[in-house]
Amino acid sequence: MTRRLFAFLLVMLFVGFASPGYSQTANDLFSSDVLQEIRLSVAPADWDALRANPTDNAYYRATFTWRNISLQNVAIRQRGLSTRNNTKPALRVDFNHFQDGQEFLGLGSLGLDNNGQDASMLKERVVMALFARMGLPASREVSSRLYVNGQYVRSEEHTSELQSHHDLV
């Protein structure tokens, strides 16, 4: 009985240290094998202000969580041109706006698109895949679910923004 208990505890200890969060990469974040889930924790007053002022580029502090990896002190703001709105805001998540050099899986920022002009939620993904296949610079895109303060907000695309050769497909 004691040996079994010891073996069980040893296995549980090993499983605990082998958590998938310790080895995640940007490729995992952009994997289309699963529907990704992104969670943002934002002060409720800041979330209300962001939504109430769609044309404002003000940044608000947030905590970004993907799988079991959280990054605090990230900046979010509305993004886009004609797709800005107060019901389904497209967001820019800037990991290093408030803290120089901070990255998430090697990324400095991430776009959370609201697909305001693409009800199929496929057009941009297909075009970017075509660009990549042709050898042209293309952002990585994948479908995801967005939660803000624990509440489901929408299905969307999250994208890498082309800022360096590391962001290319």
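Helices and strands are here DSSP runs, a helix having at least four residues and a strand at least two, and both are numbered from the N terminus.

**Figure 1. Overview of the elements in the predicted model of the protein.** Read from the N terminus on, the elements of this predicted model follow the order α-α-β-α-β-β-β-β-α-β-β, and the secondary structure comes to four helices and seven strands. Of the 169 residues in the protein, 39% are buried, while the protein exposes about 10000 Å², with carbon and sulfur atoms supplying 56% of that area.

**Figure 2. Close-up of the aromatic pair formed by Phe 64 and Phe 104.** A search of the whole structure finds five aromatic pairs, and one of them is shown here, with the ring centres of Phe 64 and Phe 104 lying 4.9 Å apart. The planes of these two rings stand at 75°, and because planes over 60 degrees apart count as edge-to-face, the pair is given that name. Phe 64 belongs to strand S2 (residues 60–66), whereas Phe 104 lies in the loop between strand S4 (91–94) and strand S5 (109–113), so the pair ties together parts of the protein that are 40 residues apart in sequence. Phe 64 is buried, with a relative accessible area of 0%, and Phe 104, at 2% relative accessibility, counts as buried because the limit is under 20%.

**Figure 3. Close-up of the aromatic pair formed by Trp 66 and Phe 104.** In this view the ring of Phe 104 is paired with the ring of Trp 66, their centres being 6.3 Å apart and their planes at 85°, so this pair is edge-to-face.

**Figure 4. Close-ups of two arginines that lie over aromatic rings, Arg 39 and Arg 61.** In one view, the charged end of Arg 39 sits over the ring of Tyr 147, at 4.0 Å from the centre of that ring. In the other view, Arg 61 lies over the face of Phe 98, and the distance from the ring centre is 3.8 Å.

Key:
Residues numbered from 1 in each chain as written. Predicted model: local features only at pLDDT ≥ 70, side-chain atom pairs only at ≥ 80, totals over all residues. Heavy atoms only, no water. Phe/Tyr/Trp six-rings, centres within 6.5 Å; stacked < 30°, edge-to-face > 60°. Buried < 20%, exposed > 50% of the residue type's maximum accessible area, 1.4 Å probe, protein only. Lys NZ or Arg CZ within 6 Å of the ring centre and 35° of its normal. Areas by Shrake-Rupley, 256 points an atom, 1.4 Å probe, with all protein chains shown as cover.
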